[in-house]
Amino acid sequence: MDDTEKLFEAAKKASKDLLLLSNEQINNILEAIAKETEKSFFHILSENQKDLQRMDKENPRYDRLKLTEDRLKGIVSDIRNVATLPSPVGRMLDDRHLENGLHLIKKTVPFGVVGVIFEARPNVSFDVFSLCFKSGNACILKGGSDAYFSNQAIVEIIRNILDEKGLNPNICVLLPKEREVIDQLLNARKYVDLIIPRGGSSLINYVRENAHIPVIETGAGVCHTYFHTSGDRDIARKIIHNAKTRRVSVCNTLDCLIIDKERLSDLPYLCEELSNDNVTIFADKLAYNVLSGSYPEKLLAEATDESFGTEFLDYKMAVKTVNNINEAIAHISAYGSQHSEAIIAADISASQLFETLIDAACVYVNASTAFTDGAQFGLGAEIGISTQKMHARGPMALQELCSYKWLVEGNGQTRNP
């Protein structure tokens with residue numbers, strides 16, 4: 001058994017200890033971690049600076065990698081918020097008595113050991129641990145090498161508190177930075193119950209194609225906002241600007257604005273504020289002609305085939321012109337990633353058609369896709385946004401980190417041939 005397999009085995013063993021903890025004990029430990037994190041802001045930020053120094057500031061992942069005091073305060077708040085939420089473990093899903101006298105109970109239980117592979121987002125270490133710990137799961141973290149120092153500092157805080165409280169610190173395991181351990185994790189069927197990749201499409205595709213463990217896909221977001229012919233242009237202007245510029249490096253960011261041909265004259269007004277944030281627009285021919293002369297020339301380009309279906313993670317956006325709502329839905333079906341899609345419309349029948357036919361985890365009417373977030377949904381911190389349909393879809397929080405089992409109680413029943 002090599003060193004990496006020993007880490008897997010240690011996490012599996014530690015997961016059994018979690019089953020005996022009360023919800024009160026779990027909440028107390030989360031509060032202790034929150035307090036220790038507050039005391040350690042300087043240390044975490046210094047280690048994060050080491051990571052930032054190794055990355056080009058122009059890299060779109062730089063913003064994801066960066067921690068600030070405000071962001072750490074938000075993380076601490078999320079940890080405390082998770083502690084206040086009801087435990088998802090032990091919820092009764094079914095309770096029935098059969099004619100033969102058997103008593104059947106269907107009850108939620110933790111998965112056991114959850115492996116999470118993520119890229120340059122050190123806040124994920126806190127989010128994953130908090131949610132896994134609250135739901136009774138041990139976690140194995142494989143962060144990107146870009147965030148190596150940050151993740152080391154964060155996991156050290158978590159493990160030290162676990163140890164101080166008399167718990168097995170291997171409830172939270174951070175794997176070495178070498179990429180080779182990913183393949184070992186994807187094949188650790190004996191120890192790991194679930195794999196969650198959190199990152200771009202290349203990471204998700206690699207995990208899906210190589211894992212021998214159940215996978216829940218999260219992360220990749222190619223998000224559209226469709227401005228219907230009945231849409232309010234003032235509402236649309238605010239939503240488009242917020243969805244595109246609030247934070248460009250996250251998966252719920254607007255990548256493509258779809259606009260009805262009848263409303264093309266409103267396009268310069270809709271996009272005006274984007275120029276203040278230096279957003280580059282890749283517009284199809286009709287949209288380009290309308291924007292030319294009203295949108296800064298240096299920020300305007302004609303769209304190519306690659307402009308659509310791209311998750312930019314940057315101050316860039318495509319614009320697609322359609323003749324009607326059916327073409328808009330067809331475009332989203334062809335280029336979306338089943339993450340978050342929005343329509344801006346006053347016509348209720350159009351909104352209802354959009355809600356019915358759009359295949360995505362989150363579908364918005366007259367609201368920004370930026371709200372696709374576990375905390376915003378009132379779920380506490382999230383472990384990711386699931387874009388698949390098996391088990392979990394949308395923001396994954398506590399309840400999605402549980403499976404269930406049947407408890408069958410009898411008094412000597414046997415089954416006839």
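Predicted model: local features only at pLDDT ≥ 70, side-chain atom pairs only at ≥ 80, totals over all residues.
Domain 1 is made of residues 3-218, 383-387 and 390-408. Domain 2 covers residues 223-377. The contact takes 12 residues from domain 1 and 18 residues from domain 2. The centres of the two domains, taken over C-alpha atoms, are 33 Å apart.

The extent of the interface can be given as an area. The size of an interface is often stated as the accessible area lost when the parts come together. Between domain 1 and domain 2, about 1200 Å² is buried. Carbon and sulfur atoms give 53% of that area. Three residues stand out on the domain 1 side: R64, I385 and R393. Together they supply 39% of the area that domain 1 buries against domain 2, more than any other three residues.

Charge pairing also occurs at this interface. Side chains of opposite charge can pair when their charged atoms come close. Across the interface of domain 1 and domain 2 there are 2 salt bridges. R393 also takes part in a salt bridge, with the side chain of D359. The N to O distance in this pair is 2.6 Å.

The structure as a whole holds 17 salt bridges. One of the salt bridges joins the side chains of E31 and R80, at 3.0 Å from N to O. This pair links distant parts of the chain, 49 residues apart. E31 lies in helix α2 (residues 23-39), and R80 lies in helix α5.

The protein has 14 helices and 16 strands. Its C-alpha trace spans about 75 × 60 × 35 Å along the principal axes. The radius of gyration is 24 Å. A compact globule of 417 residues would have a value near 22 Å, so the two agree.

Definitions and conventions:
Residues numbered from 1 in each chain as written. Heavy atoms only, no water. Domains from an automatic or database assignment. Contact = heavy atoms within 4.5 Å. Buried area = accessible area lost by both parts, 1.4 Å probe. Salt bridge = Lys/Arg side-chain N within 4 Å of Asp/Glu carboxyl O. Helix = DSSP H or I, 4+ residues; strand = E, 2+ residues; numbered from the N terminus. Rg over C-alpha atoms; globule rule 2.2 N^0.38 Å.
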